[in-house]
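Q: I am new to reading protein models. Can we go through one feature at a time, with the general idea and then the case at hand?

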Amino acid sequence: ALASRFEAETTEVNVHGTHPYVSDQRKKENFMKLFENTMEDAYFKAELYAKGCRRTLGPVMVMSDRPISMQNQPRPQPMMAYGGAAMAHRAAESASVEMEMPFGE
C-alpha cells in the first residue's frame with residue numbers, strides 16, 4: 001500500500017492505498033521486456049559460472065518462474081519420448097522417491 005503525506009502551512013493531504021490502472025497491453029509489453037532482460041542476465045551468469053568451472057553449457061533441463069528446490073528430487077532427464085517398458089520403469093522409480101515439502105508451501 002502506498003502512503004504519502006503532503007503538508008503546507010495549514011493544508012494536509014494524505015493518500016493511502018492507490019491502485020493505478022495498467023492496461024493489459026502495457027502489462028504484456030512490460031512482461032516481455034522483463035523476460036528478455038531476465039533471460040539475458042541468466043545466460044550471462046550461467047556462462048560466467050560455467051567458465052569459472054571450466055565447463056560448457058548444455059541443454060536446459062528445467063525452467064520455472066518460481067524457485068526450484070532440488071532437495072530429494074531425482075536428477076532431471078532430457079525431454080524425450082519413452083517407450084512402454086522405460087515408462088513403466090520410470091513410474092516405479094518415481095513412486096519410490098520421497099519428497100519433503102516444508103510447511104507453508
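A: Start with the elements. Helices (H or I, at least four residues) and strands (E, at least two) are DSSP runs, numbered from the N terminus. In this protein chain, the elements run β-β-α-α from the N terminus on. That comes to 2 helices and 2 strands. This is a predicted model: local features need pLDDT of at least 70, side-chain atom pairs count only at pLDDT 80 or more, and totals for chains, interfaces and linings use all residues. Residues are numbered from 1 along each chain as its sequence is written, and side-chain values use heavy atoms, with hydrogens and water left out.

Q: How many residues does α1 have, and how far does it reach?

A: Compare the helix with its expected span, which is 1.5 Å times one less than its number of residues. α1 has 29 residues and reaches 41 Å from its first C-alpha to its last.

Q: What share of the contacts joins residues at least 24 apart?

A: Contact means heavy atoms within 4.5 Å. Take the contacts between residues at least 6 apart in sequence. Of these, 20% join residues at least 24 apart.

Q: How many salt bridges are there?

A: A salt bridge is a side-chain nitrogen of Lys or Arg within 4 Å of a carboxyl oxygen of Asp or Glu. By this rule the count is 2. One joins Glu-29 and Arg-26, with the closest N and O atoms 3.4 Å apart. Lys-45 and Asp-41 meet in another, at 3.2 Å from N to O.

Q: Why can such pairs meet along a helix?

A: An α-helix has 3.6 residues a turn, so residues three or four places apart point the same way. Glu-29 and Arg-26 are 3 residues apart in helix α1, about one helical turn. Lys-45 and Asp-41 are 4 residues apart in α1, again about one turn. Glu-29 is partly exposed at 37%, and so is Arg-26 at 46%. Lys-45 is partly exposed at 38%, as is Asp-41 at 37%.

Q: With which side chain does Tyr-43 make a polar contact?

A: A polar contact is a pair of N or O atoms within 3.5 Å; within protein, one must be able to donate a hydrogen and the other to accept it, and residues adjacent in sequence count only if both atoms are side-chain atoms. The side chain of Tyr-43 contacts that of Glu-47 at 2.8 Å. Tyr-43 lies in helix α1 and is exposed, at 52%. Tyr-43 and Leu-57 are 14 residues apart in sequence, and 9.6 Å apart from C-alpha to C-alpha.

Q: Which residues form the nonpolar patch on the surface?

A: Patches are made of residues with over 30% relative accessible area and no salt bridge: like charges are joined within 9 Å, nonpolar side chains (Val, Leu, Ile, Met, Phe, Trp, Tyr) within 5 Å. Here the members are Phe-31, Met-32, Phe-35, Met-39, Val-60 and Met-63. Together they have about 660 Å² of accessible area. Val-60 sits in the loop between α1 (24-52) and α2 (84-95). Val-60 is exposed, at 63%.

Terms used. Areas by Shrake-Rupley, 256 points an atom, 1.4 Å probe, with all protein chains shown as cover. Buried < 20%, exposed > 50% of the residue type's maximum accessible area, 1.4 Å probe, protein only.
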